[in-house]
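User: Please take a close look at a single part of this model. Which neighbours does that part have, and how is it placed among them?

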Amino acid sequence: MSGNIRLLNDTLAAAKEEGRSALIAYLPAGFPTVDGGIEAVKAAFEGGADVVEVGLPHSDPVLDGPVIQTADDIALRGGVKIADVLRTVRDAHAATGKPVLVMTYWNPIDRYGVERFTAELAEAGGAGCILPDLPVQESALWREHAAKHDLATVFVVAPSSRDERLATITAAGSGFVYAASLMGVTGTRASVGEQAAELVRRTRATTDLPVCVGLGVSNAEQATEVAGFADGVIVGSAFVQRMLDAADETAGLAAVRDLAGELARGVRKGSSQGR
């Protein structure tokens, strides 16, 4: 069975056709439970997300902040497995018809088996995978099997990436490019916003793939700002925090749905101002 890279491409192209950035949400599988995580992905789509990244919980999520680490810990203590991640993708996609990716560190896939993982992700209706710690020069096996199963391979670029490195990364990727911003984490808001915009500009000079910005975007105002220069706005920790702060699962799902709505309005406002 083929994966859904075409659905992902079409979804991002449709947002561009509407003159706006896409809203991409991130939620970890198995949090607060496997069933609750599936409902959270659905709630993000219901609120207005165009794409959802499902996180594969990891015991040492070195690139994630404390909020996502907390959610991962809850999921792992609940016994979440790769089969549950794939079920999350399957059920969320089947319920919504929208593109669902997996975001994961490389080690779990390597141990599970590249051929097995890509085949099962495609069978589940997945659109692809974001692999933040897989070096491009070591990605040939993954990309071979991902392409065979019509799955996107999304690589991450950072402000520290030199232009030559950007070109190498974007040439190997598909679906979109994940541009990691430091906005909201380091420095003043104005300077970090300028840094993210400059990274998008430099990345676009190397590729026709959409360039989507994540890390640090947590509210509608920031989504508006990023939508002024990026093809997509990626939000993760803010969704997880809403779930952590909620009194119960029902309230958490409502909070996810509400935040997605706020962010969806934000990206539309930013796109109209900045494009």
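Analyst: Two strands pair if DSSP finds at least two bridges between them. Helices (H or I, at least four residues) and strands (E, at least two) are DSSP runs, numbered from the N terminus. This is a predicted model, where local features need pLDDT of at least 70, side-chain atom pairs count only at pLDDT 80 or more, and totals for chains, interfaces and linings use all residues. Residues are numbered from 1 along each chain as its sequence is written, and side-chain values use heavy atoms, without hydrogens and water. The average pLDDT (the predictor's confidence in each residue, from 0 to 100) is 92 for the protein.

The part is strand β2, residues 51-55. Of its 5 residues, 5 are buried, meaning under 20% relative accessible area with a 1.4 Å probe, protein chains only; exposed is over 50%, partly exposed in between. V51, E53 and G55 point one way. V52 and V54 point the other way. In a regular strand, side chains alternate between the two faces of the sheet.

Now the neighbours. β1 (residues 22-28) pairs with β2 in parallel over 5 bridges. There, L27 stands opposite V54. β3 (residues 100-103) also runs parallel to β2, over 4 bridges. Here V102 is the bridge partner of V54.

Finally, the whole sheet. It is open, with 9 strands in the order β5-β4-β3-β2-β1-β9-β8-β7-β6 and parallel pairing. β5 (152-154) and β6 (156-157) each have a single partner strand, so one side of each lacks a neighbour in the sheet. For β5, that partner is β4 (residues 128-130), parallel over 3 bridges. A152 in β5 is the bridge partner of G128.
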